[in-house]
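User: Got a model open here and I'd like to talk through a few spots in it. Can you take a look with me?
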Amino acid sequence: MSEAREMIRVEKLNKSFGDLHVLKDIDFTVKESEVVVLIGASGSGKSTLLRCLNYLELKNDGKIIIEGKETDPKRDDLNKVRQKVGMVFQHFNLFPHKTVLENVIEAPTQVKKIKKSQAIEEAKSLLNKVGLADKADDYPSRLSGGQKQRVAIARALAMKPDIMLFDEPTSALDPELVGEVLATMKELAKEGMTMVVVTHEMGFAREVADKVVYMHDGRIVEEGEPNQLFDHPQEQRTQEFLSSIL
Ligand code: ADP
Ligand code: MG
């Protein structure tokens, strides 16, 4: 069996905001088609780590290697990296004055300069995939939170990323809407998308994750397969965190 390709390799990543040292010597790898779930208390650095991976934040030092390539923010086009690494946020960030379809074709036509007719065709197929084919001409304000988040997923996929980052994609949703978004993510995972997901949905983590990574105070404390980490955590801090949330 051949080793799966490394999609993300992070070595000794450090990030500070002023005097606040937020990420401390993070080492982290994600292989092709892997689903990695990041867990940890609020303020432990999960969002900052994701944001460093697609250069919404710039690291202070260490290495971030995406598909074998290190990016130099001073010289390289960060839009190129962001095309490879799509991101979905807690608050969907859709354009309110654009329809669902217009939201999905915006980046492909404006950033990638894809022909509008082709972008529309691909957007329709993505909306179909996330179960929203009939909402193409609606404005986001007409949609439920779960529908908005599925549009946000379709919009990220429209750039044909190789990796998808999800930052608490269901945390802003009413409980009855969480399932539809998790189902969409599960489908994506099944198709082989490489994913890094910050979530408090431990059921999803158990079922879908290949690896769960526990962060505390800017460090990775422990990582392992879901059953190992949830049922037999090795570190006391992991045990304490798990008993605080379960
Ligand atoms: P998490 O996502 O695990 O809740 P974050 O990565 O959002 O954690 O935040 C980690 C720490 O960094 C927190 O103390 C937070 O207040 C701080 N932080 C995050 N973003 C910024 C920023 N842009 N400026 C200053 N401090 C920040
Ligand atoms: Mg966060």
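User: Lys24, buried or exposed?
Analyst: Lys24 counts as buried because its relative accessibility is 14%, and buried means under 20% relative accessible area with a 1.4 Å probe, protein chains only. Keep in mind that this is a predicted model, where local features need pLDDT of at least 70, side-chain atom pairs count only at pLDDT 80 or more, and totals for chains, interfaces and linings use all residues. Residues are numbered from 1 along each chain as written, chains are lettered from A and ligands numbered from 1 in written order, and side-chain values use heavy atoms, without hydrogens and water.

User: OK, what does the side chain of Lys24 reach?
Analyst: The backbone oxygen of Asp217, at 3.2 Å. Lys24 also touches Leu13, Asn14, Gly218 and Arg219, among others, leaving out residues up to four places away in sequence; touching is heavy atoms within 4.5 Å.

User: Switching to ligand 1: which residues surround it?
Analyst: Phe17, Leu20, Val22, Ala41, Ser42, Gly43, Ser44, Gly45, Lys46, Ser47 and Thr48, counting a residue if one of its heavy atoms lies within 4 Å.

User: Which polar backbone atoms sit by its oxygens?
Analyst: One of Gly43 is 2.7 Å from an oxygen atom of ligand 1, and one of Ser44 is 3.2 Å from an oxygen atom of the ligand.

How values were computed: Buried < 20%, exposed > 50% of the residue type's maximum accessible area, 1.4 Å probe, protein only. Polar contact = N/O pair within 3.5 Å; in protein donor to acceptor, adjacent residues only side chain to side chain.
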